[in-house]
Amino acid sequence: MAGGLLLIVQASRVAIAAEWTEAEDIDRLNQAIRLDPGNALAENRLGFLNLREASDVTAALPHLRRATELNPRVAVYWVDLANGYEMSGQLDGARDAYERAVVLAPMRPDFTWELANYYLRAGENDKALTGFAHYLRLVPSARQQAFAILGRGLNDPALVWERVVRVSGDPETEVGYLAYLKFQNAAFSTARFWNELVAQGKPMPVNTAVRYVDRLLENQEYGEAKRVWSDLQKAGIVPANASDGNLVFNPNFEQKLLNGGFDWRVNQEPFVDFDLPQSGFCKDNRCLYLNFSVPHNSDYEPAFEIVPVNPHQTYALSAFVRSQDITSDSGPRLRVIDVQCPTCLDVSTPAALETRAWHKVDITFTTGPNTQAIKLSVWRPRSRVFPMEISGEFWLDSVSLKPVTQAVTP
């Protein structure tokens, strides 16, 4: 009878301790440990709360150590102990505890991340690189976070490329790292890394590759961007240009827009509906369509494309356009500006006005001594003549840009 009563009392103590263990309260957790001294979870939570809320490492460490003694098979207990050791400056203990956690749970990415970051903070760069490489194999989507940490901790792109990026074998990670590098440090040359990727001939994700080209264009590396784009075309990742010498990529809007690189880019403009219809309204199979659905008077540039060109060169730009009920004297047109010096080159075709069937518009222009690329856009400038507001519809097709002479002698 007495033994049974003792068991009931003990069970009640354990149940109460378990309930208090769930509380985010240091006093309750101390009481839970007094009731159930073998409760590893209570010891861990008490140590964790002392670290997180009280920032009391001295009070936290005995409980964190006790939790690992009571149940050494729980990886998270070792991570919490490692954090406590590191905060107290006991780096050897921290390393051992982080490593123990990863051994117990090798497929837990967060523990691998903790260990790799510890190695980086401790200056154990070789182990850190191995750890981050393993982490990216577990969580490839966290590549940007890993790149940022390694950039701040090591600042050695070539080493990161060799030890973390290339060993991943993942083209998304490889090309993404090049785009990251150009975004973080425009002066750093990524050409050697790109050449390695091209030489291995693996398929590349088109969106990430286009983003890399965008980074080069943003840094005004037009020659390198053109070379990378050509490599993508040779590999079949990006469609090739037409064989007729037309420099405009996707001139008939037949392919899905990449919205970057040297393809057309779309700006979502208020009061303008944009579409690429496949209908009888188009001159050929598909075309660009704008509907100025709400009368308004603004500058509009709903679509544009960056086109690499040569300096001191005369070019002919032409296209077919169609208009329906355009109300303003300032209708949509094609515009060309020098990307680096808009005031040096700024020309446009005649505006599309009123209602007209498909017809050709064209202009010629000559690039300046330093022109490397132009911005070719669909543009509607703000009107200054009544009626200023524009409404109506516009279609564009068969855009062509070709050199018409040899380079002009300055």
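The second largest pocket of this predicted model holds about 180 Å³ of space. Its lining is made up of 13 residues, and H11 gives the largest share of them, four residues.

**Second largest pocket**
- Gly-151, Asn-155, Pro-157, Tyr-180 and Leu-181 are the lining residues nearest the centre of the second largest pocket.
- Two or more lining residues come from each of helix H9 (143-153), helix H10 (157-165) and helix H11 (171-184).
- By type, the lining of the second largest pocket has eight nonpolar residues, four polar and one charged.

**Helix H11**
- H11 runs for 14 residues, and the distance from its first C-alpha to its last is 20 Å, close to the 20 Å expected at 1.5 Å a residue.
- Most of H11 is covered, with 11 of its 14 residues buried.
- Tyr-180 and Leu-181, which lie by the centre of the second largest pocket, are among the buried residues of H11.
- The buried set of H11 also includes the charged residues Glu-174 and Lys-182.
- Other buried residues of H11 include Pro-171, Thr-173, Val-175, Gly-176, Tyr-177, Leu-178 and Ala-179.
- The cover over these buried residues includes helix H8 (125-138), helix H12 (191-200) and helix H13 (206-218).

**Largest pocket**
- The largest pocket contains about 260 Å³ of space.
- It is lined by 17 residues, and those closest to its centre are Lys-226, Asn-241, Leu-247, Val-307 and Pro-308.
- Helix H14 (222-234) and strand E4 (300-308) each contribute at least two residues to this lining.
- The lining of the largest pocket consists of 10 nonpolar, five polar and two charged residues.

- In soluble globular proteins, nonpolar side chains tend to be buried together.
- The largest nonpolar core here comprises 68 residues, and Phe-132 and Leu-232 have the most contacts inside it.
- Helix H7 (residues 109-121) provides the largest share of this core, seven residues.
- Leaving aside residues up to four places away in sequence, Leu-232 touches Trp-194, Met-204, Ala-209, Val-213, Ile-237 and Val-238.
- Another core, of 34 residues, lies apart from the largest one, and Tyr-300, Val-378, Leu-396 and Leu-401 are among its members.

Conventions:
Residues numbered from 1 in each chain as written. Predicted model: local features only at pLDDT ≥ 70, side-chain atom pairs only at ≥ 80, totals over all residues. Heavy atoms only, no water. 1 Å grid on protein atoms, 1.4 Å probe; cavity = no way out; pocket = protein on both sides within 12 Å on 5 of 7 lines; lining within 4 Å. Points joined across faces, edges and corners; volume = space filled by probe spheres on them. Core = buried A, V, L, I, M, F, W, Y, C linked by side-chain atoms within 4.5 Å. Buried < 20%, exposed > 50% of the residue type's maximum accessible area, 1.4 Å probe, protein only. Contact = heavy atoms within 4.5 Å. Expected span 1.5 Å × (residues − 1).
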